[in-house]
Amino acid sequence: MVKLKINGRDIAAASGSTVLEAAQAHGIRIPNLCASKALSPYGGCRLCLVEVKGKRGYLPACCTVVEEGLEVTTDTPRLRALRRQTLELILSEHPHACLICSEKKDCEEYKSTIRKVGEVTGCVLCSKNGRCDLQDVVTELNVERVRWPASYRDFDVHREDPFFDRNYNLCILCARCVRVCNEVRGAAAISVVYRGPRAAIGTSLDQPLVDSGCQFCGACLDVCPTGSLSERGLKGEGLPDESRETICPLCSLGCGLEVDLKKGRIVCSRPKGDAPVNGGQACVKGRFVVRDTVHAPQRILRPMVRRDGRLIELGWDEALDFVAQKLKEGIDQESAMIISSQLALEDHYIAQKFAHEVLRSDPWVDFTRFSCPALFRAELQKQKISLPLNFEADSLSSAGTIVVAAADIVLSHPILWLEVVKAVRRGARLLIWNNAETALERRATFSLRTNPGSDLAVLVYLCRELLEQRPKDWWSAIPAAEELKTSLEKPGQAILTSSVGLEKADLLSAVRLLQEAGPAVFLIGPGMVQGPDAPRLVQMLWNLALLCEARVIPLAAENNERGVIELWPSGPSNGAFETRVIDGLAKGRYRTLYLAGNLPKLGQGKAPDFLIVQGGYHGAAWESANVLLPAVTWAETDGTFVNAEGRIQRFRSLIDPLGESRPDWQIFCRLAEKMGCGGFSFQSAAEIAEEMSQALPSLHEVSAHHLKKGRPAFVREDLRSSARFIPLADEERGLENHEMTPAPAQLEDVPDYYRGLDLVQEVKGLRKLRERDKARNQNREKQEK
Amino acid sequence: MKRLTDPSQLAAWKTSLGEERQARQKTIVVSNGTCGQASGSLAIIEAFGREIEKRALQASVGLEITGCHGFCEREPNIVIYPEGIFYGPLVPDDIPKIVDQTILKNKVIGALVYKDPKTGRAFGLQKEIPFYRKQMRLLTGDNLRIDATRIEDYILADGYQALTKALFDMTADEVIHEIDAAGLRGRGGAGFPTGKKWQFCRNETADRRYIVCNADEGNPGTYMDRSILVANPHSVIEGMIIGAYAIGAAEGYIYVRMEAPHAVKQVTIARDLARKHGLLGKSILGSEFHFDLHIVEGAGAYICGEETSLMTSIEGYRAVSRQRPPFPAQAGLWGKPTNINNVETWANVPLIVRQGAEWYSQIGTAKSKGTKVFSLVGKIRNGGQVEVPMGIRLREIIYDIGGGIRDGKKFKAVQTGGPGGGFLPAEFLDLPIDYDSLVQAGSTMGSGGMIVLDETTCMVDLARHYMHFTQEESCGKCVPCRVGTKQIHDILVRITRGEGEEEDLEQIEELAEAVKEASLCGLGQSAPNPVLSSLRHFRGEYLEHIKHKRCPARACRELVSSSQQEARKRKHG
């Protein structure tokens with residue numbers, strides 16, 4: 001801590017912090033427009049100038065680092081005059097008719113002056129009106145006139161990109177957007193271009209954002225102090241009625257979001273500033289897609305039952321009676337049930353209970369793909385090794401080396417990518433291991449580009465080299481070390497052919513990088529451990545991690561994937577359920593199919609006699625459904641998600657259920673009651689959570705009691721340390737499984753869906769973005785060929 | 001000659017080179033700087049080459065091609081040694097005559113020597129010409145005998161002697177002490193004591209340090225640095241090696257203005273020659289000191305010459321200033337302690353180390369030591385690059401060296417310090433010029449531009465011109481500089497069009513003060529100086545524009561034409 005004086009007050013500030021931060025922390029207000037939390041100091045707006053005793057001239061508080069004994073004055077007549085001068089200069093370039101209007105006060109209330117100004121000169125129609133930093137500073141400095149002639153810069157408004165418009169006529173060149181894009185997001189899609197009076201924010205060669213590497217995370221919108229960047233969907237919306245918090249369900253990270261509501265509708269979602277997972281950042285989905293996910297036109301809003309080949313709307317009671325009767329009739333036959341993994345923990349718990357106790361069947365969880373953490377846990381458990389799955393995203397930024405394998409985390413785990421960017425900025429080494437080029441490589445220290453199907457061969461090679469190069473007394477202490485060495489040195493194991501796609505020198509560079517690893521982290525995408533070799537791949541990744549003292553983090557792809565793994569202790573089915581269901585249907589094993597997830601592609605298979613679809617959206621299942629039961633989205637109910645870190649996150653309903661839709665758990669409970677089963681008399685999600693926390697020790701902290709304490713709650717893990725090598729098992733198949741054609745590609749599509757709703761189809765902007773990435777990758781592949 | 005691995009090899013080489021030069025009977029030196037080339041020196045060189053070949057004089061007559069000698073008004077010119085006869089300006093047809101008469105018969109051709117335009121007196125020898133006589137050419141004197149593409153010429157002119165002395169006879173601290181004791185101040189404009197600056201950088205703890213030569217000379221009408229780099233790049237390189245040794249840097253950068261391709265070429269050749277001969281790179285002259293130089297071409301903006309912008313530009317980013325502190329000495333290139341000096345400052349270093357601080361500190365005034373190179377341009381009779389001791393009076397530069405105002409017009413003022421400097425009207429003609437006196441007089445030394453103005457220059461229009469320049473060249477980062485200069489400029493435009501009001505002047509002064517105090521870097525902090533200075537000395541001229549809609553210098557087109565129109569109206573009306 002450093003002691004200094006601001007305006008005569010004694011203040012203690014963290015060393016390395018700026019005068020501005022120190023002042024703000026103690027409630028001393030210094031006007032500013034270009035400073036922003038988490039961004040590097042800029043010193044461009046010159047509003048935060050202060051006087052420092054013993055220093056010549058005026059210093060910007062945002063760039064001045066606190067020193068012991070510093071004496072700062074933030075408010076003198078001269079400073080006030082300078083600030084007003086500067087602000088007037090800013091306003092001379094920014095439409096300011098409303099800002100300095102004498103009727104401002106009345107106008108706010110009665111819109112009395114609205115007719116007098118157009119969009120160009122006034123604030124009234126600006127989407128930032130009421131939330132604008134510039135407005136605040138004008139009020140704070142009490143500027144009532146601008147002595148300089150207005151100079152409208154007359155830039156064309158950029159409307160060519162998805163989601164938001166850019167009107168740089170409103171820009172004050174604080175460069176917050178440029179800094180957040182480069183420093184925090186690692187995208188560097190925008191920059192200040194030109195100089196002097198022509199200086200502006202722009203992209204390289206003035207391309208649209210979509211062609212300049214922008215990921216449309218919206219971070220620039222959120223830091224912009226003016227209305228230069230405006231979300232298209234918010235045009236004319238005005239201020240929201242209220243804002244509430246929620247957890248984003250669109251990927252496995254579960255970002256904290258702040259959602260603006262107006263007349264019972266979601267108008268906008270923004271990252272929550274102090275959310276533990278994402279701290280003020282989101283991705284394109286959390287920022288721009290949430291609203292359309294909830295208010296999609298395909299929402300099923302009323303229960304429907306098929307009568308004479310047509311679906312007709314019915315009341316809940318009638319519909320549930322109908323379903324209960326049908327289920328009772330067929331109770332002696334086996335019925336299949338498929339549950340979407342994207343439901344809340346409470347829904348899963350009840351669904352499981354329903355399946356076991358009411359249907360007496362074994363349900364399947366609808367992971368659209370198999371779960372990487374589940375596979376790691378299962379495979380290592382077979383070796384009596386327990387792999388910790390919990391981690392904290394922000395611990396990544398202190399890693400010395402980060403290996404990202406088979407995952408394009410810029411797209412699939414954008415918030416983890418931010419931590420990687422942070423680590424790289426701090427000097428960490430980044431090793432990328434993918435089959436195809438990704439945006440990650442821009443920041444990579446080294447990139448291993450292997451051919452599909454050669455992963456095991458590469459892993460064996462890396463382990464062998466590390467065993468050879470690391471001092472023996474270091475690794476020989478780990479159990480089974482010799483066995484591993486012998487197994488790797490067996491003839492035939494170590495052959496590295498050209499089909500791997502790498503030169504030996506490349507692999508040796510990777511070995512060198514891994515050797516000097518320091519605290520290392522492996523982020524493993526699901527594509528790494530696919531196919532029949534999955535067990536051996538998991539084992540060798542484990543060995544490699546032990547050899548470089550690294551932490552292995554298998555990445556969950558969907559929200560609540562971790563929670564579902566904990567909830568289904570036997571391990572959820574790993575993608576094979578489709579064939580089992582289709583087989584079962586074909587063989588007449590299942591006459592009834594209850595879908596609270598997606599409908600498997602039935603293909604030529606026989607349709608079930610009775611198909612219940614409980615879901616949020618119309619889709620393929622709708623065609624052949626006998627009953628449609630409208631379920632709510634997460635936005636309309638309370639519940640709990642567990643994110644990829646193992647963090648337990650409670651969310652509350654944002655809006656009332658749309659139409660007659662109901663929470664999934666409620667539908668299950670009412671149905672069970674109608675079928676005469678006890679134990680389903682829950683009245684709220686919290687009650688379910690309470691029961692769940694007692695029934696499942698790993699989810700103990702789900703109970704409201706624990707979450708209320710305000711400290712982060714995590715899944716409880718059984719953490720017996722078990723550092724032991726796993727020797728490479730002999731199998732008939734060689735290391736490079738080329739007989740498996742085609743070899744599985746490591747990189748998979750981003751999970752852009754929510755309970756069967758294809759977000760890419762639904763949201764035009766997202767479609768444009770994903771199509772761009774796809775086209776880019778294809779172009780690259782062509783070029784490489 | 002191969003790599004030098006011992007200082008004695010350098011000395012031996014110098015001796016043998018001296019003997020070679022002695023063997024020649026005559027040497028013709030052609031001034032071939034940028035100004036020379038623009039006036040046709042290449043044709044002169046060609047003509048001499050042909051003539052020497054035709055008469056088979058290769059053995060007895062040397063032809064040396066050098067950088068600018070300073071007398072830009074008289075280009076292309078030559079000096080013939082050993083006598084030092086000056087001829088210029090020349091055309092190729094003069095060459096056979098010169099070879100016939102002067103080279104072969106030792107006769108001075110009266111028609112080609114310099115004649116004083118006022119008195120008509122002829123001067124045969126270069127050193128007698130008034131333009132040179134009052135100068136003290138310590139840095140630029142050797143330009144007469146140095147072909148920058150030949151390291152031999154520089155070695156013959158005592159080159160790399162200072163380096164030998166520093167590396168083998170002095171400790172790093174002694175070098176810094178010497179520079180400090182000499183009283184050398186930064187020639188880039190601010191005049192910060194160089195020795196102190198070096199010491200700051202050396203005092204920082206860091207795993208590496210950098211040194212930088214700022215050769216991004218962008219002030220309008222200045223060409224001192226370019227001339228030095230073209231004519232004598234080795235002096236800068238030698239200065240930098242010594243500086244690197246003193247500061248403890250292993251890498252240096254010369255950031256040269258891209259718009260001075262001749263300088264880029266010459267300094268690159270010189271750097272490569274120094275590398276080849278073991279004066280750069282590992283184990284310089286066989287010592288344990290390693291240092292290498294990179295040459296970076298400027299990014300084409302005036303702001304690149306500002307030190308923090310220059311560093312961001314070297315790092316590969318768009319040149320944008322950043323707040324100081326931290327100063328470059330604390331966190332410069334890539335966040336490492338960095339010492340930045342201007343070309344002329346570096347060129348002074350070998351001189352001080354070789355001749356000693358005591359000798360150096362006798363030149364100049366109490367607080368400003370040594371000489372200063374100026375670019376004398378504008379409405380002056382003998383424009384050129386002049387080097388004078390600090391403390392010389394403005395009158396001596398303008399009238400004795402520069403020969404007075406061109407076309408018999410009246411002296412009005414001289415502008416110094418570039419776009420961040422000010423004006424000195426006639427009352428300051430007897431001002432002894434050094435860093436502090438210029439600041440007191442409301443101007444600055446700047447990097448050494450000296451633009452002479454006569455009665456036909458309108459001060460309002462010139463102030464407008466400077467504001468136009470600075471607002472165009474502001475990097476755009478901070479508000480006062482980006483918008484403030486533009487607003488001042490717009491007001492000045494109005495005044496020159498006869499649309500000014502009296503309140504405008506107060507408004508300009510108020511805004512100018514705010515821009516100076518609130519701007520982020522030196523560019524903005526000094527941008528309003530020309531306006532403020534012209535307001536201070538020539539307020540009447542502004543008022544004339546505003547009140548009577550008249551431009552006394554008849555330079556503001558709108559006012560001149562409208563008053564003429566009115567006159568015409570009256571005549572015919």
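## Where the chains meet

Welcome to this structure, and let's start where two chains touch. The contact (heavy atoms within 4.5 Å) draws 30 residues from chain B and 31 residues from chain A. This is a predicted model, in which local features need pLDDT of at least 70 and side-chain atom pairs count only at pLDDT 80 or more, while totals for chains, interfaces and linings use all residues. Residues are numbered from 1 along each chain as its sequence is written, chains are lettered from A and ligands numbered from 1 in the order in which they are written, and side-chain values use heavy atoms, leaving out hydrogens and water.

About 2600 Å² is buried between chain B and chain A, with carbon and sulfur atoms giving 55% of that area. Buried area here is the accessible area (1.4 Å probe) that two parts lose on being put together, summed over both.

## Charged pairs and the chain B side

Side chains of opposite charge can pair when their charged atoms come close. Between chain B and chain A there are 4 salt bridges, each a side-chain nitrogen of Lys or Arg within 4 Å of a carboxyl oxygen of Asp or Glu. One salt bridge joins Arg482(B) to Glu93(A), with the closest N and O atoms 3.2 Å apart.

On the side of chain B that touches chain A, the elements giving two or more residues are α18 (459–473), α19 (479–496) and α20 (502–518) of chain B. Helices (H or I, at least four residues) and strands (E, at least two) are DSSP runs, numbered from the N terminus. The largest share of this side, 8 residues, belongs to α19(B).

## A three-stranded sheet in chain A

Now have a look inside chain A. An open sheet of 3 strands runs in the order β10-β11-β12 (chain A) with antiparallel pairing, where two strands pair if DSSP finds at least two bridges between them. Its edge strands, β10 (242–247) and β12 (265–271) of chain A, each pair on one side only.

Strand β10(A) is joined by 6 bridges to the antiparallel strand β11 (residues 256–262) of chain A. Within β11(A), Gly256(A) is the bridge partner of Ile247(A).

Searching the whole structure gives 82 salt bridges over all chains. Among them is the pair Arg287(A) and Asp222(A), whose closest N and O atoms are 3.0 Å apart. This pair links distant parts of the chain, 65 residues apart: Arg287(A) sits in helix α7 of chain A and Asp222(A) in helix α6 (residues 219–223) of chain A.
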